[in-house]
Amino acid sequence: MRMSAVVLVVLSALSMTVPPVSAEPVGTQASWTGPLSTRGRYIVDATGARFKLKAGNWHGASGTWTGSGAVTDPASHHAGEIAYQTPLGLDRASIDTIIDGFAELGLNSVRLPFSNQMIHDSAPVPDLPANPGLRGKTPLQVYDTVVERLTARGFAVILNNHTTTSRWCCGVDGNERWNTSQSERQWQEDWLFMARRYAANKRVVGADLYNEVRRNVLDDPNWGWGNNTDWHRASQQAADRILTEANRDLLIFVEGINWVGIPVDGFPHGRPTLEPARTLSHTLIDSGKLVYAAHFYGYTGPNHSGATGVGETSDPRYRDLSPRELRDVLYRQAFFVSAETGAHFTAPLWISEFGIGRDDTDAKSRDWFERFTDYLIETDADFAYWPLVGFHTNGSGNGWALLAWDADGRRQTVYDDWRGAAWRRLAGAPGRTGQIPEQTRWSMLNLDHGDFQPSRSVRALPDWDSGARKGACPDGQRLAGLSHTGNRGLCTTTRAAPSGYTAVRDERHVDRDWAAGYTKVQCPPDHYLAGYSVRGAAFSSALCGRSVTPLGRGGRTVWFHRGDNRPADGPGGEFAHGNHKGQCTVDEYVAGVAYTGRVGSRGTPDALLCVPLLP
């Protein structure tokens, strides 16, 4: 849940308090049609209409036990809220009564956390008095029932792998990474199991791959190193397997990195969030399925773990920032991915956790919550409050939930406290609605650590350059740019998928000397560059896609061996940070690549042949 991982075990307990609150009836959007996909910065339904995620977190199946004391003792669970590895509150209110509350809050979707331990637990849950029909069911079977009822009522459900063990999140607790308490292979297999389990239900719309990836005692997660703590690599591979082996309809939600470093003054530490995606984004096997996610709480900060006492540093928390500072930090860490359109990282942004307690009397905390809520409204952002459901006793309790029930089933709502006004503004805020037109897509190819071919049609081909690292644009895209070094590529939308592919390694199709003194690899007529391969740093071959419509001829040479040579408006974004890049304009296609084997050269790409597209 909340608090982004720290390095000291003591912080585990401190990170437990972090749920959200707010509400107002708006009803569900039962008329929407699944599955969902993305167009630019928006999520859309199967008809192309915008579907804004107005969501909350119904936690419990991810675990509420704090890690000490008897698992059966409510006192050993966060805030005394024992969930039995099921969505919280089912012992106090019926499923439909709880869902009625979600509709009153104006929600249309639910983030439904689960733990890997819960999936495999075959023991029946204790009796849940408010839901006698769940008697004898395992935690997973209860989860099934909740999914069925939510979707039958018109809600979209996002499956969220919140924890590995069923323990309250999020400190140094064995749940820091997807592979801390289990193998990466097991994590992937569990995701395939869950994705297949609900594949027939088109209102189960997404897979939120892992919650708050963070440092454990010994090492940090990273973004792009290619090792076993590389979150970019792991999430890319898991997404690939889900979409190709289990359920190609699901949106894939990828959170940024929640915490790196040791939270001690004088040591490097911070909260990268989604900043690394600016120069290294995800390219999925199916375009239009990626959503980025981020969490923000006022008591944490861009370099503050959220701890008090041990693990607390002198860095400001988000609530300490001035209005201008807060806006700048939020944009830098996350909101740029949806604000900056026409880039390889452009995607919908889901703030999948934020919140505050009803009993928080700190003026700065309350001010932060008001300002953050207003920023969500201003940016028309998709959101999910933490948490939806909690317990209360005579009006007192944890105080973070939007809805809380006591042992006798009496309900308390966010409308009863100071957060209600902000929630009403957020849930009822106007935003973009209606049809979202198709967007030009930009995707990044990254051959840093091996083949990178997010194309179903290319993967069906025989090995087109054995022994080389190969990159191919997603189906429906063509290559638009290459880096001089670094093996990065940029793809953009083409008019139609190619009718076939040809691999070219020599000059047999060169029709003129467009790069004198250089070796030129050129596609046959009416073919465009759809992929490329490298050996080490050297260019090896071109994968040419046959266009279903005639292409232009001639063209110009774009040199980039001594500096960037890209269109003035820079569409596509920074796709090879720190390296020279060449890029054709949006009304051109790449027809060839030139390189040299001269002494002192490593055979890296030096020039592109950019040919105008026919109208």
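Predicted model: local features only at pLDDT ≥ 70, side-chain atom pairs only at ≥ 80, totals over all residues.
**Figure 1. The largest pocket.** This pocket holds about 410 Å³ of space. Its lining consists of 19 residues, and those nearest the centre are Gln236, Gln237, Asp451, Phe452 and Gln453. Helix α6 (residues 231–246) supplies the largest share of the lining, five residues. Sorted by class, the lining has 10 polar, six charged and three nonpolar residues. Domain 1 (37–428) and domain 2 (442–612) each contribute at least three residues to the lining.

**Figure 2. The second largest pocket.** About 350 Å³ of space lies in this pocket. The lining comprises 23 residues, with His344, Thr346, Arg441, Trp442 and Ser443 nearest the centre. Of the lining residues, 14 are polar, six nonpolar and three charged. The second largest pocket lies between domain 1 (37–428) and domain 2 (442–612), because both give residues to its lining.

**Figure 3. An open sheet of three strands.** The strand order is β7-β9-β10, and the pairing is mixed. Strands β7 (213–214) and β10 (269–270) form the edges, each pairing on one side only. Strand β9 (residues 257–261) pairs with β10 in the antiparallel sense over two bridges. Val260 has Gly270 in β10 as its bridge partner.

**Figure 4. A network of salt bridges.** The linked residues are Asp96, Asp100, Glu148, Arg149 and Arg153. Within this view, the side chains of Arg149 and Glu148 form a salt bridge with an N to O distance of 4.0 Å. Arg149 is partly exposed, at 23% relative accessibility, and Glu148 is also partly exposed, with a relative accessible area of 41%. The model has 50 salt bridges in total.

**Figure 5. The salt bridge between Arg488 and Asp448.** The closest N and O atoms of Arg488 and Asp448 are 2.7 Å apart. Arg488 lies in strand β21 (residues 488–493) and Asp448 in the loop between β18 (442–446) and α10 (456–459), so the pair ties together parts that are 40 residues apart in sequence. Arg488 has a relative accessibility of 13% and therefore counts as buried, whereas Asp448, at 28%, is partly exposed.

**Figure 6. The salt bridge between Lys520 and Glu507.** The side chains of Lys520 and Glu507 meet at 4.0 Å, N to O. Because Lys520 lies in strand β23 (residues 519–522) and Glu507 in the loop between β22 (501–504) and β23, the pair ties together parts that are 13 residues apart in sequence. Lys520 is buried, with a relative accessible area of 6%; Glu507 is partly exposed, with a relative accessible area of 39%.

Definitions and conventions. Residues numbered from 1 in each chain as written. Heavy atoms only, no water. 1 Å grid on protein atoms, 1.4 Å probe; cavity = no way out; pocket = protein on both sides within 12 Å on 5 of 7 lines; lining within 4 Å. Points joined across faces, edges and corners; volume = space filled by probe spheres on them. Helix = DSSP H or I, 4+ residues; strand = E, 2+ residues; numbered from the N terminus. Nonpolar A, V, L, I, M, F, W, Y, C, P; charged D, E, K, R; others polar. Domains from an automatic or database assignment. Pairing = 2+ DSSP bridges. Buried < 20%, exposed > 50% of the residue type's maximum accessible area, 1.4 Å probe, protein only.
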